[in-house]
Each structure stands twice: as structure tokens, then as C-alpha cells.
Amino acid sequence: MACIAARTGRHRQRYDGSHRLVSGCIPYRLRKKVDEDSCLEDRLEVLMITSANRHDLIFPKGGWEIDETVEEAACREALEEAGVKGLLKEKLGLWEFRSKSSQNTVSLNGGCRGCIFALEVTEELEMWPEQENHDRKWLSIKEAFKFCRYEWMREALEKFLKVMAQEQNEQNDQVDKTRI
């Protein structure tokens, strides 16, 4: 199977003032071998990747480019960095943060404004464009919280859990209505 090439460079990326616009996702799946009575948090797994040239774990994200929607950018980043495809679900929110290379600077440069989505993984590729730079790891929600290095990641994961719980409640309501 031929692997598509990852987009590189920042010449096509979107900016809002001094902020680079970023799109990403929290890829997830439901664990297969779990007790039916388990809580949602125990049944969910999320995918995190190593950040380039470091070993800390992050969610796939990257620059939103001028020729794509924010949703397309999130899906592209999941494919390029994590090697997964799926169904883009709920927009979890917008966060402002500094890029990892400028965490300790006071300059206006390096600020990012990121839109994060939930992505239900339907396909996990054996080869992907940035696999030389990113290892991927499926984690329980509790494990993922431990690896969240930045506050925006914890906030996004908390919002993800709320959205998933709401979705499950809506599905349960639909099942209950069909039984009546």
C-alpha cells in the first residue's frame, strides 16, 4: 500500500493575528472486551501520540490550512500523525495555547488557537505519513489524564467525557422509547 505524503511547512496555514490556527481531535474507540455494566469511562479508549522529537503524549493536531475546512484539517492531522481514519463527531471547543517550542517565551509569536473534535476511529492504518515521528498508544481515560501535559488537553478530555456521556444517554433514551 502506498502511503500518502504529509503536508509540510507553514506557508499555507491560517492565522488570526499572532495566533496560528490549529485543528485536531481526540481519537477514540470503545473497548471490545468489557463488562456490559461497566461505566462509560471504563469502556472508552483514546489514542495519543508521541510529540515529534519528544516522548510526551499529545492528541493529533496541527495547522489548519487555507484550502480546507477546520473539520478536514482535524481528519488530515489524525491520518498524518496517528494513522487513523474515522467519523468526526462533536466539536469539543476552542483552546488557546503556546506551541511546544515557545512555551517559555513571552513573545507574541508561538500562540495557537486550536479547535478540537472527537473522532470515532473506524480504521487504523499499518503505515501512515508521519509514523517516523509519532508513535501511537491507546489509553484508558484515566491513563490519558495522567499523560496530559497541558491544561488545554485536560480540559478537552473532560469535555470529551461529557459529550460521550450525553451521547450515551441519548442512545439509551432511544432504546427506552422503542421498548414502550
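## Strand pairing around S7

Leu87 stands opposite Glu120 in S7. The model is predicted. The strands behind that pair are S6, residues 84–98, and S7, residues 111–124. S6 and S7 pair in the antiparallel sense, over twelve bridges.

S7 also pairs with S2, which spans residues 19–30. Here the strands run parallel, and nine bridges join them. Cys25 stands opposite Phe117 in S7.

Is Glu77 buried or exposed? Glu77 has a relative accessible area of 5%. It counts as buried because that value falls under the 20% cut-off.

Glu77 sits in helix H2, which covers residues 70–82. Setting aside neighbours within four places in sequence, Glu77 is in contact with Ser23, Pro60, Lys61, Gly62, Gly63 and Ala82.

## The chain as a whole

The chain has four helices and eight strands. Along the sequence their pattern is β-β-α-β-β-β-α-β-β-β-α-α.

The chain holds 180 residues, and 43% of them are buried. Its accessible surface comes to about 10600 Å². Carbon and sulfur atoms account for 48% of that surface.

What share of the contacts with a separation of 6 or more comes from residues 24 or more positions apart? Such residues account for 70% of these contacts.

Methods: Residues numbered from 1 in each chain as written. Predicted model: local features only at pLDDT ≥ 70, side-chain atom pairs only at ≥ 80, totals over all residues. Heavy atoms only, no water. Helix = DSSP H or I, 4+ residues; strand = E, 2+ residues; numbered from the N terminus. Buried < 20%, exposed > 50% of the residue type's maximum accessible area, 1.4 Å probe, protein only. Contact = heavy atoms within 4.5 Å. Areas by Shrake-Rupley, 256 points an atom, 1.4 Å probe, with all protein chains shown as cover. Pairing = 2+ DSSP bridges.
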